Amino acid sequence: MPEHEPGLDRRLADAIERLGNGLRALSQRSARTQGLSPLQQHAVLSLSRQPAPRREVNALAAEFDVTTPTMSDAVSALERKGLLTRSPGSDGRRRLLTLTDRGFQVSAELSAWDAQLVGSLAAVPETDRATTLHTLLRVIADLQRGGAISVARVCTTCRFFGPDEHPDPRAPHHCHLMRKPLALTELRTDCPEHAQATA
């Protein structure tokens with residue numbers, strides 16, 4: 001390899017950065033169709049599928065790695081647009097965010113915002129996709145341990161995850177909650193049973 005050619009790790013990082021730029025462009029294009037910012041769009045999509053404990057401003061701020069005031073501004077804008085309401089939480093202080101009927105309608109219309117990316121991935125052989133998912137989840141776990149990512153409910157950050165406990169390369173890991181081997185294709189990116197592993 002020529003001396004001026006970046007190494008593999010640098011090229012991988014560059015590729016991920018370009019992918020991120022492409023996703024931001026797709027997000028901006030989709031959000032504009034509804035008169036939203038990308039952050040507002042992702043908040044609407046998240047609220048459409050999150051359980052009640054995660055439907056609060058602080059939880060959304062952590063989810064998207066933004067400050068609480070930034071997320072509060074986005075939520076206030078969504079409230080003014082009639083896409084969500086706030087109601088007292090179980091402790092009477094926290095405000096539970098709930099999409100309105102219009103909010104759920106907008107969420108459904110926005111749900112395919114990343115269809116172009118999903119379609120591109122579908123054209124890649126499944127074994128390559130599974131390996132890529134596994135690799136990215138390991139990197140996400142490492143970034144979370146280093147403080148670069150706040151929330152990562154992925155298998156590789158879970159206390160029930162047993163890495164490399166089986167000889168089968170197609171299902172090398174084990175989920176001690178489900179008590180079964182985990183195929184690479186079964187690794188989760190947002191597990192409802194996730195329990196954060198201790199360092």
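**A walk through the predicted model**

Let me begin with helix α1, residues 8-32, which has 25 residues and reaches 36 Å from its first C-alpha to its last, close to the 36 Å expected at 1.5 Å a residue. Please keep in mind throughout that what we are looking at is a predicted model.

Staying with α1, which of its residues are buried? They are Leu-26, Ser-27, Ser-30 and Ala-31, and what covers them includes α2 (38-47), α5 (101-110) and α6.

Leaving aside residues up to four places away in sequence, Gln-116 touches Leu-26 and Arg-29. Is Gln-116 itself buried or exposed? It counts as exposed, because its relative accessibility is 53%, and the cut-off for that word is over 50%.

Now to α2, where seven of the ten residues are buried, so this helix is largely enclosed by the rest of the structure. The buried residues of α2 are Gln-40, Gln-41, Ala-43, Val-44, Leu-45, Ser-46 and Leu-47. What lies over them includes the helices α1, α3, α4 and α5, together with the strands β1 (84-88) and β2 (95-99).

Asp-65 sits in the loop between α3 (57-63) and α4 (68-80), and its phi is near 55°, a positive value in a residue other than glycine. Arg-179 is placed in the loop between β4 (173-175) and β5 (180-182), and for Arg-179, too, phi is near 55°, again positive in a residue that is not glycine. As for accessibility, Asp-65 is partly exposed, with a relative accessible area of 39%, whereas Arg-179, at 72%, counts as exposed.

Let me turn to the cysteines. How many disulfides does the structure hold? The number is zero, and two of the cysteines let us follow the reasoning, given that a disulfide calls for a pair of cysteine sulfur atoms within 2.5 Å. For Cys-155, the closest cysteine sulfur is that of Cys-191, and because the distance is 6.2 Å, the two are too far apart for a bond. For Cys-175, the closest cysteine sulfur belongs to Cys-158, and there the distance is 6.6 Å, which is likewise too far for a bond. Both of the cysteines we started from are buried, Cys-155 with a relative accessible area of 10% and Cys-175 with one of 11%.

By kind, the lining of the second largest pocket divides into six nonpolar, seven polar and three charged residues.

How values were computed
Residues are numbered from 1 along each chain as its sequence is written. This is a predicted model: local features need pLDDT of at least 70, side-chain atom pairs count only at pLDDT 80 or more; totals for chains, interfaces and linings use all residues. Side-chain values use heavy atoms; hydrogens and water are left out. Ala, Val, Leu, Ile, Met, Phe, Trp, Tyr, Cys and Pro count as nonpolar, Asp, Glu, Lys and Arg as charged, and the others, Gly among them, as polar. Buried means under 20% relative accessible area, exposed over 50%, partly exposed in between (1.4 Å probe, protein chains only). Contact means heavy atoms within 4.5 Å. Helices (H or I, at least four residues) and strands (E, at least two) are DSSP runs, numbered from the N terminus. The expected span of a helix is 1.5 Å times one less than its number of residues.
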